[in-house]
Each structure stands twice: as C-alpha cells, then as structure tokens.
Amino acid sequence: MRQMIAGNWKMNGSLKGLASYAGALARGVTGVDLLICPPFPLIGPLITALGSTPVMVGAQDCAVERAGAHTGDVSAELLAEIGARYVILGHSERRADHAETSSLVRDKARGAMAAGLAPIICVGETLSQREAGEAETVVRAQLAGSLPEEFAQVGALGQAGALGQAGALRLIAYEPVWAIGTGKTPTEADIAAMHATIRAALQKQLGEAGATMRILYGGSVKPSNAGALLRIPEVGGALIGGASLLAEDFLVIAAAAAQK
Ligand code: PGA
C-alpha cells in the first residue's frame, strides 16, 4: 500500500506563508499520499491554495457533537463541508492538555466517520511507561478504548468512502510521547516491535479491516532519519510535526516514502 506522509502543523502556520508552501508541494512528489493538517482557520485557505494538486488537507481535532451550544468546538460535518478529508484524533498533546480519554477519542472517531472524515487515531506511551516495561500494554489499552467498532465495517465512511479501500481510510499513528518534538526516536527494533504489536491488536479487534489499516510512525521524523524509519516493517507512513512546517523538509520525507 502507498505510504501516507501527514503533516501536523499544531498551533503553527499563518496565512502569509500558505501560497509559497502550497506552491512547493504542488511541484512535489508522486507515489505517496500527502496530507497537511493546519490549524482550523487555515484549512479552507490551504485547500484553495493547493488547488488541483493531489495533496489532501485535514484537521487536528473535531467535536463529538454534530452541532449546538458547544463554544469553541468545531464539528466534523463542518470540516467535511469545507473540504477536510482526514482528522487527527487523540494526539498525546490533546490527551495531556485537554484531558482527552480514549472513550472520548472513540466517540469523536465515530462522529468523524459518520461525517465522512477519515480518522487518524494516535496512541503512544510516555517515557516512564516505556521504562517500566509497560509500553505495549499501554498502547494496546489505548487501541482497545479509542477505536470504534465501525472501524471494522467496510464502506462505513460516507462520502470519504470514495477515496479508496476501507483500510486506507482509518489510520493509526504510533507516537511515543517522549519522541515528539524532542529529536529522540525509538530504535528501529523497538518501532518494528510496537508496529507488529499494533497490527496484531488491530486484526484481533477489527478482523479484515485491521489487516489493511496503515500504521503511521510519528515522533521526531526528519529528512535525515525518514528513509530508515519508513523502511521498517508495518510502518505505513509518518505523522510529522516540526519537519512539516518547511515544505522543503516535508518534501524530502515524502520522497523517501515514495521510494519505499
Ligand atoms: P514532531 O511531532 O515530528 O515534531 O516530533 C510529531 C507529532 O506530534 O505528530
């Protein structure tokens, strides 16, 4: 399956830089799915700036509710209406900063799918959990709690179902919390072991759909390490924070994925 390289801009980016960023990506890479998730107000402008290029745009979160009195929240329906295709859910920064639980993430994923957005559900252990030998247990529990049973259904994705096979439209991102933004990454053996654990858990939980879902790696992926990380078995792409902010860096990583 083609790899996905997804950029998570977090609370970065501005209108000013969009045209040159989009222009650089437009001259970019084939053979890989590219996705950029900017802050909410930049989703529409980035879609416009990207024009007919195949680069997709997504959100970094969405509300559980469809509409109503929820000040500050943004619904999956509205995100889909303005052209977002994917939504990152349960990122460790949201789990930590906004006390998001796995069951909330699961409800958001269910709502996102009903609206036609493809969820990218993030899981990952903290450093103390890894040092205590609990990394796999923690990640398995996050998967068990965060994935809605709809993930097992083929064709449950509304309008986004047109994008391709079910497995391409429900993604997991394994992001060890201690590797995010720190420049540290797990060893290739540790990433391979965790991705194998996640694959086995997905198949047990979801059957056939779990066999084809892409599992992204995230945490300090950069141009210098992307080639090695993207070759690890069961790594189906990457979720990139800091290195997605510069189009040149993002494109080097995308090119590494396309060569895989
Ligand atoms: P990073 O962030 O690439 O800056 O480590 C990854 C992420 O949080 O998705």
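How many residues surround the ligand, and which are the closest? In this predicted model, the ligand is surrounded by 13 residues, and the closest of them are Lys10, His91, Glu175, Gly181 and Ser220.

By residue class, the shell around the ligand comprises 4 nonpolar, 7 polar and 2 charged residues.

| Residue | Protein atom | Ligand atom | Distance |
|---|---|---|---|
| Glu175 | polar side-chain atom | oxygen | 2.6 Å |
| Gly241 | polar backbone atom | oxygen | 2.8 Å |
| Gly242 | backbone N or O atom | oxygen | 2.9 Å |

For Gly241 and Gly242, the atom concerned belongs to the backbone. Taken alone, the ligand would expose 280 Å², of which the protein buries 95%.

Strand S4 covers residues 86-89. Tyr86 and Ile88 point to one side of this strand, while Val87 and Leu89 point to the other, and all are buried; each therefore has a relative accessible area under 20%.

S4 pairs with strand S3 (residues 56-59) in parallel orientation through 2 bridges. Within this pairing, Gly58 has Tyr86 as its bridge partner in S4.

**Residues with positive phi**

Most residues other than glycine have a negative phi.

Where does Ala99 lie? Ala99 is placed in the loop between helix H4 (92-97) and helix H5 (102-115). Its phi is near 50 degrees, a positive value in a residue other than glycine. Ala99 is exposed, with a relative accessible area of 61%.

Glu234 likewise is not a glycine and has a positive phi, of about 70 degrees. This residue belongs to the loop between helix H10 (223-230) and strand S8 (237-240). Is Glu234 buried or partly exposed? With a relative accessible area of 34%, Glu234 is partly exposed.

Conventions: Residues are numbered from 1 along each chain as its sequence is written. This is a predicted model: local features need pLDDT of at least 70, side-chain atom pairs count only at pLDDT 80 or more; totals for chains, interfaces and linings use all residues. Side-chain values use heavy atoms; hydrogens and water are left out. A residue is near a molecule or strand if one of its heavy atoms lies within 4 Å of it. A polar contact is a pair of N or O atoms within 3.5 Å; within protein, one must be able to donate a hydrogen and the other to accept it, and residues adjacent in sequence count only if both atoms are side-chain atoms. Accessible areas come from the Shrake-Rupley method with a 1.4 Å probe; for residues, only the protein chains shown count as cover. Ala, Val, Leu, Ile, Met, Phe, Trp, Tyr, Cys and Pro count as nonpolar, Asp, Glu, Lys and Arg as charged, and the others, Gly among them, as polar. Buried means under 20% relative accessible area, exposed over 50%, partly exposed in between (1.4 Å probe, protein chains only). Helices (H or I, at least four residues) and strands (E, at least two) are DSSP runs, numbered from the N terminus. Two strands pair if DSSP finds at least two bridges between them.
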